[in-house]
Each structure stands twice: as structure tokens, then as C-alpha cells.
Amino acid sequence: MKKISLLILVLVSSLLLTGCTSNKDKQIVNVLNWSSYIPDEVIKDFEKETGIKVNYGTYSSNEELLAKISSSKKGTYDVVFPSDYMVELMITKNMLNELDTSKLTNYDNIDEVFLNQQYDKNNRYSLPFLLATSVIAYNSDNVPKIDDYKDLLNPNYKNDIVLLDDERITIGAFLQALRYDINDYDDEHLEEAYNFYNSMKDNVKAFDSDSPKSFLITNETNIGVLWNAEALLAKDHNANIEIVYPKSGYALSMDNYVIVKGASHVDNAYKFIDYLLRDDVCQKIIDDYPYISTNKNTSNYSEEELREILNRGSYIKNVGENIKKFDRLWAKMK
């Protein structure tokens with residue numbers, strides 16, 4: 001009788017432990033995001049408030065994001081932050097869940113100007129997180145006025161420029177320098193873009209998307225083609241850094257909340273997104289990483305400034321199979 005009681009006790013204890021472990025496993029959310037995009041404080045505050053552990057990974061380009069998801073076991077990631085054209089590509093590859101915005105109590109904080117973009121009409125699969133723009137930043141102590149990409153061809157800037165390690169943005173910049181569309185994939189135009197780069201390659205010290213601002217802050221380079229927030233953070237360290245939107249055009253890059261198809265922790269994914277949609281949380285994010293807020297209550301640009309930025313910039317678009325042309329050109333450049 002004692003043996004039977006002991007056996008029952010062991011079985012009950014095992015079931016309870018299994019149940020506890022299973023419940024504990026559910027209190028996580030697996031996030032993959034851009035480097036230097038959400039302050040550690042925000043992640044820690046979310047974990048403290050919700051009891052949900054955030055497993056946080058990073059990537060440096062949309063192509064790296066796609067590669068990581070494609071090569072990972074289904075359910076590895078829950079929330080990721082692809083840019084505009086990558087959202088469209090992931091939709092075509094059936095890699096994203098449709099969103100249920102009724103689960104987001106802070107949905108109405110999103111500024112409508114950022115909704116219903118061409119890459120995901122009606123926002124069935126994505127919601128805008130932050131808007132980045134490419135800019136040129138330069139140290140005015142050491143460099144004369146720069147207002148466009150053509151100025152980067154100056155032979156006096158040898159080994160003095162850092163470029164974004166992002167094929168679509170950087171090749172797009174060279175296309176724009178030649179007055180072509182940022183999404184142009186005409187073979188002759190792409191060859192011209194390569195020749196433009198070839199004319200300035202001796203001036204390029206590095207390609208870096210993780211922290212290009214560091215090159216300006218440490219004076220390793222005097223010039224950078226980088227994201228607007230990175231440029232602003234560099235200017236915080238050196239007031240002589242000037243930031244310009246190139247005359248021939250620049251990239252707009254809308255990064256988005258999405259939930260990966262087959263996500264293991266969907267409910268927690270919604271909780272994480274909803275937390276980031278809060279006004280106070282969004283303010284903390286743009287205080288540390290001053291990209292353009294998509295939260296209407298924490299706007300960090302005036303309506304006029306935002307209108308001007310949106311009118312003059314261009315979104316990167318999904319070019320389908322023509323991406324192979326960009327891949328080949330990028331391989332030649334790198």
C-alpha cells in the first residue's frame with residue numbers, strides 16, 4: 001500500500017513539475033531586431049512588468065534577417081522588425097502571421113500617415129515601428145560643405161568615408177546620385193552605379209550598419225552615409241558634425257512589427273508589441289535612438305518637417321527576382 005502511495009506521489013509530483021516547466025517555457029518571447037534599436041532599459045522594464053523573458057537577437061540588414069529566419073527551425077522567432085520591402089517579400093513567401101489588432105490596446109497611438117503603405121495595404125501583416133532615413137553626415141571642421149553624393153568623389157577624402165553595410169540602401173544611393181530611381185534595376189544603370197562607386201572606392205574606409213556613428217565619433221572618418229539617428233547621436237558627441245539630406249534623394253526605411261509564421265509564443269508577441277506601442281515606452285526609445293517616431297503622441301518632427309522628409313525620400317521596394325542583380329553588384333563592391 002505504501003509502495004502504491006509512493007508511486008502515486010511520484011507520478012503526481014512529476015506531472016506538477018512538467019506543468020510548471022511548460023508554463024515557465026511559455027513566459028518568453030523570442031525577438032530579432034536591428035542593432036541599437038531598443039534600449040536595454042525598455043527590455044528589462046517589459047520583463048519586470050509582465051514576467052515574460054525576452055530572448056533578444058540582432059541583425060544588420062534585411063537580407064541577414066531573412067537568412068536567419070529561413071535557416072532556423074520553425075518557431076525559433078516570434079517578433080521581428082523587417083523594413084518595408086522585406087515585409088512584402090516575407091508576405092509572398094508566407095512567412096508572416098496576419099495580425100489581430102484587437103489584441104493591441106495601444107493600436108490607436110499609431111499615426112495614420114504611416115499606415116497603409118504600398119508594401120502591406122491595410123496592414124494585414126505589419127505595423128509601423130520607426131522610420132529611418134539615410135543621410136550624409138560630415139565633420140565641418142575638416143571637410144568643406146557637402147550636399148550630395150557627388151561630393152564624395154573628391155580625391156581628398158581618401159579612406160575617409162563610412163558607408164552603410166546594406167546593399168539596397170548603398171547601391172540605391174549611387175543610383176540616386178546618377179538621378180535614377182532608388183529601385184532601378186536596369187542593367188546599364190546598375191553598371192553606372194558600380195562605376196560611380198569605383199570612382200570613390202579609395203575614399204571608403206568601411207561598410208558598417210551596426211554602429212557607423214562610431215567612425216565619426218572617434219574621428220576614424222570625417223564623412224558617413226548612415227541612418228539619421230546614428231548621425232544625430234554622432235552630432236551629440238561633436239557639434240561640428242553637419243547632417244544633410246542629399247539633394248538627389250535618400251532612402252526612407254520603415255521598420256515594422258511582424259509576427260513570424262509558426263511563432264511559438266504568439267500571445268507574448270502581442271504583449272511585446274503592445275508594450276512598445278505605449279506612449280511612454282516609445283518616448284524612451286526615440287530618446288535613445290532618435291529615429292522618426294510613428295507614434296502620434298511622441299512625434300519628434302513637426303508636421304512640416306515630416307512632410308518634407310516623406311516627399312523627398314524614396315522607399316526601397318521588393319524587386320522580385322531582380323534582387324539577384326543587386327546581390328551580384330554588391331559582391332563586386334565588397
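**Rings, helices and core**

A: Happy to! One place to start is R168, which lies over the face of F326, at 4.6 Å from the ring centre. Keep in mind that this is a predicted model.

Q: Thanks! Which ring does K334 lie over?
A: K334 lies over the face of F207, with 5.2 Å to the ring centre.

Q: And what is the geometry between the rings of F207 and W330?
A: Their centres are 5.5 Å apart and the planes meet at 80°, so the pair is edge-to-face. This pair links distant parts of the chain, since F207 is in strand β6 and W330 is in helix α12 (residues 323-333), 123 residues apart.

Q: Is W330 buried or exposed?
A: W330 counts as buried, because its relative accessibility is 11%.

Q: How about the rings of Y245 and Y250, what kind of pair are they?
A: That pair is tilted, because the planes are at 55°, with the ring centres 4.8 Å apart. Y250 is buried at 0% relative accessibility, while Y245 is partly exposed, with a relative accessible area of 24%.

Q: How many aromatic pairs does the structure hold?
A: There are 13 aromatic pairs. There is also an aromatic cluster made of Y37, F81, F129, Y257 and Y291.

Q: Let's switch to helices. How do α5 and α12 pack?
A: Helix α5 (residues 167-177) and α12 pack at an angle of about 85°, and their axes are 10 Å apart.

Q: Why are they called roughly perpendicular?
A: Because angles from 65 to 115 degrees count as roughly perpendicular, and α5 and α12 are at about 85°.

Q: Which residues make the contact?
A: On the α5 side they are E167, R168, T170, I171, F174 and L175. From α12 come I323, F326, D327, L329, W330 and M333. R168 and F326, the charge and ring we began with, are both in that contact.

Q: Next topic, the largest nonpolar core. Which residues touch the most other members?
A: F81, F272 and L276 do, in a core of 107 residues. Strand β4 (residues 127-139) gives the most to this core, nine residues. In general, nonpolar side chains tend to be buried together in soluble globular proteins.

Q: What is L276 in contact with, leaving aside neighbours within four places in sequence?
A: L276 is in contact with I38, V42, F81, F129, Y257, V281, C282 and I285. Among them, F81, F129 and Y257 are also in the aromatic cluster.

Q: Which residues of helix α8 are buried?
A: In α8 (residues 228-237), the buried ones are N228, A229, E230, A231, L233 and A234. Their cover includes β4, α7 (213-217), β7 (223-227), β8 (241-244), α10 (279-288) and β10 (292-293).

Q: Now a loop residue. Where is N203, and is N203 buried or exposed?
A: N203 is in the loop between α6 (187-200) and β6 (204-207). N203 counts as buried, because its relative accessibility is 4%. Leaving aside neighbours within four places in sequence, N203 is in contact with L152, L153, N154, P155, Y157, K158, N159, D160 and I161.

Q: Last one: what does H189 touch?
A: H189, found in helix α6, touches L175, Y180 and D184, not counting residues up to four places away in sequence. As for K145, 44 residues apart from H189 along the chain, the two C-alpha atoms are separated by 28 Å.

Definitions and conventions:
Residues are numbered from 1 along each chain as its sequence is written. This is a predicted model: local features need pLDDT of at least 70, side-chain atom pairs count only at pLDDT 80 or more; totals for chains, interfaces and linings use all residues. Side-chain values use heavy atoms; hydrogens and water are left out. A nonpolar core is a set of buried Ala, Val, Leu, Ile, Met, Phe, Trp, Tyr and Cys residues joined through side-chain atoms within 4.5 Å. Buried means under 20% relative accessible area, exposed over 50%, partly exposed in between (1.4 Å probe, protein chains only). Helices (H or I, at least four residues) and strands (E, at least two) are DSSP runs, numbered from the N terminus. Contact means heavy atoms within 4.5 Å. Rings of Phe, Tyr and Trp (its six-membered ring) pair if their centres lie within 6.5 Å; planes under 30 degrees apart count as stacked, over 60 as edge-to-face and the rest as tilted. A charge sits over a ring if NZ of Lys or CZ of Arg is within 6 Å of the ring centre and within 35 degrees of the ring normal. Axes are lines fitted to C-alpha atoms, for helices over the stretch in contact, and angles run from 0 to 180 degrees between N-to-C directions.
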